[in-house]
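The following paragraphs lead the reader through a predicted model. They take up the nonpolar core, then the pairing of strands, and then the disulfide.

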Amino acid sequence: QVQLVESGGGLVQAGGSLRLSCVVSERTFSSYNMGWFRQAPGKEREFVAGISWSGGTTNYKDSVKGRFTISRDNAKNTVYLQMNNLKPEDTAVYYCAAKLVSRILYDYWGQGTQVTVSS
């Protein structure tokens, strides 16, 4: 069973930065495309950023482009989300997710980490 463990969430003022990390317990980590999602209170979970197995391709939700950066270190089985210039509307529980490169949907999810941005 693939397990994902997020860390790095917290409380930050608007304009501040946080770096989320997600460690994956899977020796074939490089076979997985990875993503970050978030869910705010009363809202549906939404895609934030994704990265291909090699790290060569990334994509982002429009509202975070230029502020968030997704990256991965396959030697450490870890994917990161660097979040800069945070806004109150970024407040949510952030989830890491993994899917095999052959899959369309994400199969594995972490437990989530809370990010709160105060105005």
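**Core, strands and disulfide**

The largest nonpolar core comprises 28 residues, and those with the most contacts inside it are Met 34, Trp 36, Leu 81, Met 83 and Tyr 94. At least two residues of this core come from each of the strands β3 (18–24), β4 (32–39), β5 (46–51), β7 (68–73), β8 (78–83), β9 (92–100) and β11 (113–118). In soluble globular proteins, nonpolar side chains tend to be buried together.

Strand β5 may be followed through its pairings. β4 and β5 run antiparallel and are joined by 5 bridges; Gly 35 has Gly 50 of β5 as its bridge partner. These two strands form a hairpin with 6 residues between them, and in its turn Gly 42 has a positive phi of about 75 degrees. β5 also pairs with β6 (residues 58–60), in the antiparallel sense, over 3 bridges. Here Ile 51 stands opposite Thr 58 of β6. β5 and β6 likewise form a hairpin with 6 residues between them, where Gly 55 in the turn has a positive phi of about 85 degrees.

The structure contains 1 disulfide. It is formed by Cys 22 and Cys 96, whose sulfur atoms lie 2.2 Å apart. The pair links distant parts of the chain, with Cys 22 in strand β3 and Cys 96 in strand β9, 74 residues apart. The link between Cys 22 and Cys 96 is left-handed, with -80 degrees about the S-S bond. Are these cysteines buried or exposed? Cys 22 counts as buried because its relative accessibility is 0%, and Cys 96 counts as buried because its relative accessibility is also 0%.

Notes. Residues numbered from 1 in each chain as written. Predicted model: local features only at pLDDT ≥ 70, side-chain atom pairs only at ≥ 80, totals over all residues. Heavy atoms only, no water. Core = buried A, V, L, I, M, F, W, Y, C linked by side-chain atoms within 4.5 Å. Buried < 20%, exposed > 50% of the residue type's maximum accessible area, 1.4 Å probe, protein only. Helix = DSSP H or I, 4+ residues; strand = E, 2+ residues; numbered from the N terminus. Pairing = 2+ DSSP bridges. Disulfide = S-S within 2.5 Å.
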